[in-house]
Amino acid sequence: MSVNRDQRVDLEVVANLIPPQSRVLDVGSGDGSLLELLQDTKQVDGRGLELSQRGVNECVARGLSVIQGDADKDLEFYPDKGFDFVVLSQTLQATRNPKLVLDELLRIGNRAIVSFPNFGHWRVRLSLFIQGRMPVTKDLPYSWYDTPNIHFCTIRDFVNLCDELGATVEKATALDANGQKIGLSMPWWFWNFFGQQAVFLLKR
Amino acid sequence: MDAMAALRARKTNNEADQPSSPVLRFGPDKPLKLDAGTLLSPFQIAYQTYGTLNDARSNAILVCHALTGDQHVASTNPVTGKPGWWEVLIGPGKIIDTSRFFVICSNVIGGCLGSTGPASTNPITGKPYGLDLPIITIRDMVRAQQMLIDHFGIEKLFCVLGGSMGGMQVLEWASSYPERVFSALPIATGARHSSQNIAFHEVGRQAVMADPDWHGGKYFEHGKRPEKGLAVARMAAHITYLSEAALHRKFGRNLQDREALTFGFDADFQIESYLRHQGMTFVDRFDANSYLYMTRSMDYFDLAADHGGRLADAFAGTKTRFCLVSFTSDWLFPTEESRSIVHALNAAGASVSFVEIETDRGHDAFLLDEPELFAAINGFIGSAARARGLSA
């Protein structure tokens, strides 16, 4: 749905947040990598919602329980707290209304796990500051005119949005350019500068 | 009618009472409760099975047939001599592998190939029921199927699948007997018949009834059959099973065995000739009154209405695994119909997959060799079988 899945270092971080046998909804499940990982290693009861019909058909052919749908439109049909975890990985920035989507995730799941590319990363800042151009990086390989990513945010922006929605951050992880976790003792500004991706575990 | 067609027509009629497939007969002690408020008794169900029921009786798949289908899903049809209607999908080594699963398919109540229907003999009069048979609903068909499943001693079906009217039965099964359905695969169907669909059915019925040979439904007693009316009904219906793109691709404005327009009302165009052929071959294998009953059963289907207007309530608390399939060019049961079922299932917290398949072959795509359809069915059945503990 959004970014290149070959470089999805966040998947394992997400998977580690989910205990075995949980009920999981993966919003923007793409080719089903996360669902398959969770099913194989955690025996979760997993469901997926994916925008691209091709992605959905591939998932179903692989035996995954996935439907075609749009995070912006189709979350309203899910009941309150119907899942232990609702995952939105690398998709928030591609939604039309990220605030509403996040609100829905917190309604549907006992917990929400959100991963996103950090637009506050130093490479992004450098690209804008020095070159004066929209950044095209390994993680964000699109040009400004063809990107599906229409609502970028920084880690700080996201934390603010969580506050606004009354969500508690239970856990947060930032990954640097090599996919390594940034030390927990580091302050937010450090995460916001060196974190290329962030993974948040939220509850409301 | 040529001699061969006459022979086939007689064969259809014989199949109604004495089908060449196995029959389960229910006496006065086991009547079928009908939604119409009456009891049907005695009655019978004609069916076919393929493969072997395992010791745990956990490998049974029930296939529900569509409007003009029958129980001969994976073996030669005794009336037409043609292969079973879903032989591309079902058989030894196929996607639904009959060396692994026990496949059951029964003729629906109201049909004309051996299960009690309007062409069957009414035991009270000794003549065919005709319109004396009460209206049959999708739920009635499913209720009868359930009695057949009881007969096999199967508590829980591994899977119930079917397309179109068969899909309606699948939904009804999952809603009425959720604890007896491990997985459900409704294809190219809807939770209700739309106004447009009822309209097309009404055109078909009026065509049958306008045929003087219909005789108020008592045509057998007059030694006649309303063939012209039924053929027109089939022609109109057949158009709805295809798509404009597919029709144009196949026939365009091509002329039939001629160089130029004849300035008359012969079948100048290939599409006309094709439709006439479809109509003519249909009357050889199908009973006109049964066509009235079948179309009516679909018209009456409205699963949400049966549950206080909220479709999600039809599936409340379900543990059944669902997979829905629709086709982009199906205008009889457009994707939106499937999507609304998916939304209801989501609201009910059900496990559901949903695949929309890109094709220009219209509603009938579910009967054809569609690789993406087969891949979806294969993936869904495979994972359901693992969850059910069925070995490969």
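Chain B has 392 residues and a radius of gyration of 21 Å, which agrees with the value near 21 Å for a compact globule of that length. The radius is taken over C-alpha atoms, and the globule rule is 2.2 Å times the number of residues to the power 0.38. The structure is a predicted model, in which local features need pLDDT of at least 70, side-chain atom pairs count only at pLDDT 80 or more, and totals for chains, interfaces and linings use all residues. Residues are numbered from 1 along each chain as its sequence is written, while chains are lettered from A and ligands numbered from 1 in the order in which they are written.

**Confidence**
- The complex receives an ipTM of 0.86 and a pTM of 0.93 from the predictor.
- Chain B has a mean pLDDT of 95, with 96% of its residues at 70 or more; pLDDT is the predictor's confidence in each residue, from 0 to 100.

**Chain B**
- Its C-alpha trace spans about 65 × 50 × 45 Å along the principal axes.
- Chain B contains ten helices and twelve strands, where helices (H or I, at least four residues) and strands (E, at least two) are DSSP runs numbered from the N terminus.
- Of the 392 residues in chain B, 52% are buried; buried means that 20 or more other C-beta atoms lie within 10 Å of the residue's own, exposed means 12 or fewer, and partly exposed lies in between, with C-beta atoms placed from the backbone.
- For contacts in chain B between residues at least 6 apart in sequence, 70% join residues at least 24 apart; a contact requires C-beta atoms, placed from the backbone, within 7 Å.
- B:Thr38 sits in the loop between β2 (32–33) and β3 (39–40) of chain B.
- B:Thr38 counts as partly exposed because 13 other C-beta atoms lie within 10 Å.
- Between B:Thr38 and B:Phe182, 144 residues apart along the chain, the C-alpha separation is 31 Å.

**Chain A**
- Seven helices and seven strands make up its secondary structure elements, in the sequence order α-β-α-β-α-β-β-α-β-α-α-β-α-β.
- In chain A, 47% of the 204 residues count as buried.
- Among its contacts between residues at least 6 apart in sequence, 67% join residues at least 24 apart.

- Strand β2(A), residues 45–50, has five of its six residues buried.
- β2(A) runs parallel to β1(A) (residues 23–27), with five bridges between them; strands pair if DSSP finds at least two bridges between them.
- A:Asp26 has A:Gly48 in β2(A) as its bridge partner.
- β2(A) also runs parallel to β3(A) (residues 66–68), through three bridges, and A:Leu49 stands opposite A:Ile67 in β3(A).
- Helix α3 (residues 53–61) of chain A forms a right-handed β-α-β unit with β2(A) and β3(A).

**Interface**
- Contacts link 20 residues of chain B with 16 residues of chain A.
- On the chain B side, the elements giving two or more residues are α9 (335–347), β12 (351–357) and α10 (371–388).
- α10(B) gives the most to this side, with eight residues.
- The chain B side divides into nine nonpolar, nine polar and two charged residues, where Ala, Val, Leu, Ile, Met, Phe, Trp, Tyr, Cys and Pro count as nonpolar, Asp, Glu, Lys and Arg as charged, and the others, Gly among them, as polar.

How values were computed
Contact = placed C-beta atoms within 7 Å. Right-handed = clockwise from strand over helix to strand, strands pointing away.
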